[in-house]
Amino acid sequence: MIKYCKEPELESPDLICGWPGIGRIGTLAVDYIRRAVKAEELGEIEPLDFFEPNKAIILNGLLNSLEFPSSKFYYRKTDKKDLLLFIAEEQPSNESAKIYAVGEKAYQLANLVLDVAYKFKCRRIYTSGAAITQTHHTLPPRVWAVPNSEELIDELKDYENIVLMSDIEGRRGQGFIIGLNGLMLGAARKRNIQSICLMGEIPYYLQGSPWPYPKASMAVVKVLTHILGIDIDIRPLENMSGKVEETIDSFLQNLFESEAIPQQIRDQIRDSIEKMKSINTSGPITKEDERRIMGHIDEFFKKRKKGNEGAN
Amino acid sequence: MKEPIEVYRQPDLENASLIVGWQNSSGNLGSKVVEYLSRHLQARTFGEIEPVQFFPLNGVEVENNIAKMPFSRFSSGDRKDLVIFESEPPSFDKYRFLKSVLDTGEYYCKIKDLYTIDGIVSPISHTSPRRLWAVYSDGDFQKRLRDYELENITWEGPPTLSSFLLWLAQNRGIPGLSLWPEISFYLSATEDPKAVKSVLSFFNRRFDLGLDFGDLDSQIKTQNGNLALLRKENPEIDDYISTLEVGLSLNEDDQLKLAQGVTEFLEKMLV
């Protein structure tokens with residue numbers, strides 16, 4: 001089920017995995033590293049058992065091709081560290097219309113990725129995704145780290161801008177990691193491979209947004225490159241982050257001025273979001289308020305999407 | 001995982017063509033064509049794909065006062081060269097489902113080719129002729145069928161279940177054709193017997209079935225009569241249809257009004 005196009009000799013590489021999720025934080029971070037280190041394609045997981053086709057090309061009555069979401073491995077030998085990367089365009093699911101991996105298929109795919117880690121005698125696996133939190137999009141995101149073994153805790157505490165679940169107010173070290181990011185930690189633990197999930201913070205009000213959130217991807221890339229001891233130019237990601245921030249500002253301005261939402265509610269949304277500028281731990285607004293605000297913002301995202309579709 | 005195919009009896013088939021009709025397709029076209037063919041061939045079910053792995057069995061749907069269960073059945077009848085598969089489109093694990101269709105087709109029915117039935121909802125009037133669009137799995141098959149006056153589709157986008165099946169068949173070297181008759185958009189929620197006839201006419205010629213379209217012609221006549229009555233009673237509907245008949249298009253609101261008006265009227269006539 002894994003098709004290799006190369007068989008390089010790698011020395012205890014680390015494997016970095018990215019798959020789609022909120023703000024495309026994981027895929028953007030891992031793909032950025034892949035481009036920056038000029039990683040080469042190693043192989044791919046054959047899609048049929050995991051994914052449905054997402055595109056048909058029919059020319060003059062002839063079914064030319066059917067395309068599937070890709071799940072590809074890449075590699076790079078560097079002076080300091082050999083790297084393996086895995087980037088998937090979708091998370092597999094036994095249930096239709098689920099963004100995050102669910103069920104047997106997801107577990108099978110996680111184990112196929114681990115088979116590759118085993119084959120190349122990987123030292124450690126890193127996964128990356130999003131941590132939805134009550135923060136503001138103008139603040140620098142932190143990176144939540146969850147390892148799959150206790151011995152990694154002390155090491156993680158030494159890194160800059162990393163928080164453990166126990167550092168987050170009200171969590172007491174508890175939490176839940178949805179989808180393949182979580183499943184991978186568990187499956188790797190079962191097979192005695194060290195693994196760490198790094199999640200960049202994204203403001204709760206952007207969890208349904210159609211844009212990537214490169215600011216959080218950048219935070220993850222910084223942590224990863226520091227841990228791995230590799231040096232890459234972060235400026236293109238910074239530029240992208242600046243542009244997305246402008247888009248978010250403009251979107252929020254439109255929302256605050258939208259007459260489709262009653263003035264009182266708009267003021268509440270504005271106050272709640274503004275409040276996020278001065279805090280970076282959970283707790284300033286209640287979960288109920290968060291849900292209510294999200295309802296309005298998501299509705300606005302949908303209207304905007306519909307408007308754009310209409311314009312096409 | 002348990003094998004999802006259950007075959008009750010070995011069908012007596014040689015060099016068969018598999019005809020696939022999906023339930024709940026636009027204008028109920030897949031079911032109508034397959035029902036018609038099954039009746040003509042006196043087809044009996046010989047096997048099925050178990051629903052448990054492919055449908056959310058969290059209850060049953062009630063339709064026309066009767067509880068329904070999703071089904072995916074193979075049947076064959078008088079002809080040794082035709083096998084019919086009728087099913088609801090699976091909700092999940094589509095690859096395994098379609099693989100089971102082809103496994104059954106290859107192993108039990110020795111199929112040589114396959115045909116799927118779908119429908120293209122089109123902004124045409126019910127009085128217009130129905131074009132029959134086609135997607136082929138390979139060029140040779142396309143050449144062999146060039147005398148059938150099928151229109152070639154060119155399209156890029158999300159694949160349908162039939163395209164997925166065609167692609168899987170292609171990988172096994174089984175040629176396939178997906179048939180896409182035009183369905184007038186305001187008949188897509190009820191029935192479009194003219195579209196049904198266009199597909200059946202193709203099969204009639206392709207397999208020399210000797211079909212008698214008397215009952216279908218009578219359905220078309222009845223539907224035309226009902227719509228003529230509606231046009232007489234409702235000048236707004238008449239205007240919309242007349243606009244389509246001269247080759248002009250309707251805006252979204254008018255399309256919706258026409259579709260609603262026709263659907264309500266035809267449903268009332270059926271009661």
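Colleague: How many residues does helix H5 of chain B have, and how far does the helix reach?
Modeller: Helix H5 of chain B covers residues 193-207, so to speak a run of 15 residues. From its first C-alpha to its last it reaches 21 Å, close to the 21 Å expected at 1.5 Å a residue. Keep in mind that this is a predicted model.

Colleague: Which residues in H5(B) are buried?
Modeller: Among them are B:Pro193, B:Lys194, B:Ala195, B:Val196, B:Leu200, B:Phe202 and B:Phe203. B:Lys197, B:Ser198 and B:Val199 are buried too.

Colleague: And what do those buried residues pack against?
Modeller: They pack against two helices of chain B, H1 (29-41) and H6 (214-233). They also pack against strands S8 (111-117), S10 (132-136) and S13 (176-184) of chain B.

Colleague: Which residue follows H5(B)?
Modeller: That's B:Asp208, and its phi is positive, near 50 degrees.

Colleague: What about confidence? What average pLDDT does chain B get?
Modeller: Chain B averages 93, and 99% of the residues score at least 70. For the model, ipTM is 0.89 and pTM is 0.83.

Colleague: Staying in chain B, how many residues of strand S6 are buried?
Modeller: Strand S6 of chain B (residues 72-76) has four of its five residues buried, so it is largely enclosed by the rest of the structure.

Colleague: Which strands does S6(B) pair with?
Modeller: One is strand S3 of chain B (residues 44-49), antiparallel over four bridges. There, B:Gly47 stands opposite B:Phe74. Another is strand S7 of chain B (residues 82-87), also antiparallel over four bridges. In that pairing B:Arg73 faces B:Glu86. S6(B) and S7(B) make a hairpin, with five residues between them.

Colleague: OK, over to chain A. How many helices and strands are there?
Modeller: Chain A has eight helices and 11 strands. It has 312 residues, and 39% of them count as buried.

Colleague: Strand S8 of chain A, then: how many of its residues are buried?
Modeller: S8(A) spans residues 124-133, and nine of its 10 residues are buried, so the strand is largely enclosed by the rest of the structure.

Colleague: Do its neighbours run parallel or antiparallel? I mean S2(A) and S11(A).
Modeller: Strand S2 of chain A (residues 14-18) runs parallel to S8(A), joined by five bridges. A:Gly18 has A:Ser128 as its bridge partner. Strand S11 of chain A (residues 194-203) is parallel to S8(A) as well, over 10 bridges. In that pair, A:Tyr126 stands opposite A:Ile196.

Colleague: Which residues does A:Leu198 touch?
Modeller: Leaving out residues up to four places away in sequence, A:Leu198 touches A:Tyr126, A:Ser128, A:Val143, A:Ala145, A:Val220, A:Val223 and A:Leu224.

Colleague: How many residues are in the largest nonpolar core?
Modeller: It has 75 residues, and A:Cys17, A:Leu85, A:Met184, A:Leu198 and A:Val220 have the most contacts inside it. Helix H5 of chain A (residues 214-228) gives the most to this core, with eight residues.

Colleague: Where does that core lie?
Modeller: Domain 1 (2-234) and domain 2 (239-311) of chain A both give residues to this core, so the core lies between them. A second, separate core has 67 residues, including A:Leu63, B:Phe74, B:Tyr136 and B:Leu165.

Note on methods
Residues are numbered from 1 along each chain as its sequence is written. Chains are lettered from A and ligands numbered from 1 in the order in which they are written. This is a predicted model: local features need pLDDT of at least 70, side-chain atom pairs count only at pLDDT 80 or more; totals for chains, interfaces and linings use all residues. A residue is buried if 20 or more other C-beta atoms lie within 10 Å of its own, exposed if 12 or fewer, and partly exposed in between; C-beta atoms are placed from the backbone. Two strands pair if DSSP finds at least two bridges between them. pLDDT is the predictor's confidence in each residue, from 0 to 100. A nonpolar core is a set of buried Ala, Val, Leu, Ile, Met, Phe, Trp, Tyr and Cys residues joined through C-beta atoms within 7 Å. Domain bounds come from an automatic or database domain assignment. Two residues are in contact if their C-beta atoms, placed from the backbone, lie within 7 Å. The expected span of a helix is 1.5 Å times one less than its number of residues.
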